[in-house]
Amino acid sequence: MSNFLKEFDAIKGFLAHEEGILLYEMAKQYCTKSFAVEIGSYCGKSACYIGQACKENGTYLVTIDHHRGSEEQQFGAEYFDPEEYDYKNNRVDTLPTLTKNIAKYKLNSHIKAIVDNSKSASKKINSEIDFLFIDGSHTFESARNDYESWKNKIRTGGILSIHDIYDSELEGGQAPKEIYEKAMTEGFKLVKRVNSLVALKKIT
Ligand code: MG
C-alpha cells in the first residue's frame, strides 16, 4: 500500500509524504460512517491521500477551496506559481490542476471538489462528519473561522486534523497552532503528530 501512496508525493503541494500517510491512516480508520471534509484543496495532494482511504472504505471526501490562492500565492508573492495562474482573468486558479489530479488517480467517485469559501460551505453541510482536515489560509481570522465553523460537525469519536503547526514563530505562522491548542481545551485529544500535522480525536 505504501508504494501506491508514494505516487501521491509527486503531486504539487505543501505536504510531506509522511504527513500524507498520517492523513491516509486517520481517514482509513475513522472515515467509515459518513464522509470527510478538507478546507484548502490547492492542487489535491492531501485530498488524494484522504480520498484513497475513502475509496477503500466506500466513503468520500468533500474538499473545499475558493481556488483563488492564499495571501502568499498571489501574483508576485513569495509562493506565487505561474503554472497555477489564469493570465486571461488575472487571478490564481488552482481548480484545473485539482480536477486533473483527481482524475489522474481515479478518485472521481470519492473526492467531491467544492468551489466556495469555508464559512459559506459550512452553512450548506449540516450532517455529521467523520473527519475534518483544516489546511486553509493561515491568517488568525481564517484559521479561527475554519475551526469555529466546522468543529461541531465532527462526530464524537471522529478526527480533527490540522496542518502547519509550528512550535515557534521562527518556523511559521501561529494561527494553526492557536486553534490546535483551543481544540485541546474543547474535548479533542491528540492522537498523533507527524512533522507539522496533528490528528486529534473528538472525545466529547
Ligand atoms: Mg498546509
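**Figure 1. Strands β2 and β5 lie side by side in this predicted model.** The two strands, β2 and β5, pair in the parallel sense, and 5 bridges join them. One point at which to inspect this pairing is V62, whose bridge partner in β5 is K112. On a neighbouring theme, strand β1, residues 35-39, also pairs with β2, residues 60-65, again in the parallel sense and over 5 bridges. In that pairing E38 stands opposite T63 of β2. Between β1 and β2 the chain passes through α3, and the β-α-β crossover made in this way is right-handed.

**Figure 2. Helix α4 has buried residues along one face.** The helix covers residues 95-104, and its buried residues are T97, L98, N101 and I102. When α4 is seen down its axis, these buried residues fall within an arc of 135°, and therefore they line one face of the helix. An α-helix has 3.6 residues a turn, so residues three or four places apart point the same way. The elements that cover the buried residues of α4 include the helix α3, residues 45-57, and the strand β5, residues 111-115. After α4 comes K106, which has a positive phi, near 55°.

**Figure 3. L107 is a buried residue in a loop.** The loop in question is the one between α4 and β5. L107 counts as buried because it has 20 C-beta neighbours inside 10 Å, and 20 or more is what the term requires. When residues up to four places away in sequence are not counted, L107 touches C48, G51, Q52, K55 and I102. L107 and A47 are 60 residues apart in sequence, yet their C-alpha atoms are 9.4 Å apart in space.

**Figure 4. F131 belongs to the largest nonpolar core.** This core has 49 residues, and those that touch the most other members are A27, A36, I50, F131 and L132. Once its neighbours within four places in sequence are left aside, F131 is in contact with M26, A27, Y30, C31, A36, G158 and I159. In soluble globular proteins, nonpolar side chains tend to be buried together.

Figure 5. With neighbours within four places in sequence left aside, S149 is in contact with S118, K119 and S122. S122 is 27 residues from S149 along the chain, and the C-alpha atoms of the two are separated by 6.1 Å.

**Figure 6. Strands β8 and β9 form a hairpin.** Strand β8, residues 188-194, and strand β9, residues 197-202, run antiparallel and are joined by 6 bridges. Within this pairing, K192 has A199 of β9 as its bridge partner. There are 2 residues between the strands, and N195, which is in the turn, has a positive phi of about 50°.

Conventions:
Residues are numbered from 1 along each chain as its sequence is written. This is a predicted model: local features need pLDDT of at least 70, side-chain atom pairs count only at pLDDT 80 or more; totals for chains, interfaces and linings use all residues. A nonpolar core is a set of buried Ala, Val, Leu, Ile, Met, Phe, Trp, Tyr and Cys residues joined through C-beta atoms within 7 Å. A residue is buried if 20 or more other C-beta atoms lie within 10 Å of its own, exposed if 12 or fewer, and partly exposed in between; C-beta atoms are placed from the backbone. Two residues are in contact if their C-beta atoms, placed from the backbone, lie within 7 Å. Helices (H or I, at least four residues) and strands (E, at least two) are DSSP runs, numbered from the N terminus. The arc is that of the directions from the helix axis to the C-beta atoms. Two strands pair if DSSP finds at least two bridges between them. A crossover is right-handed if, with the strands pointing away from the viewer, the path from the first strand over the helix to the second runs clockwise.
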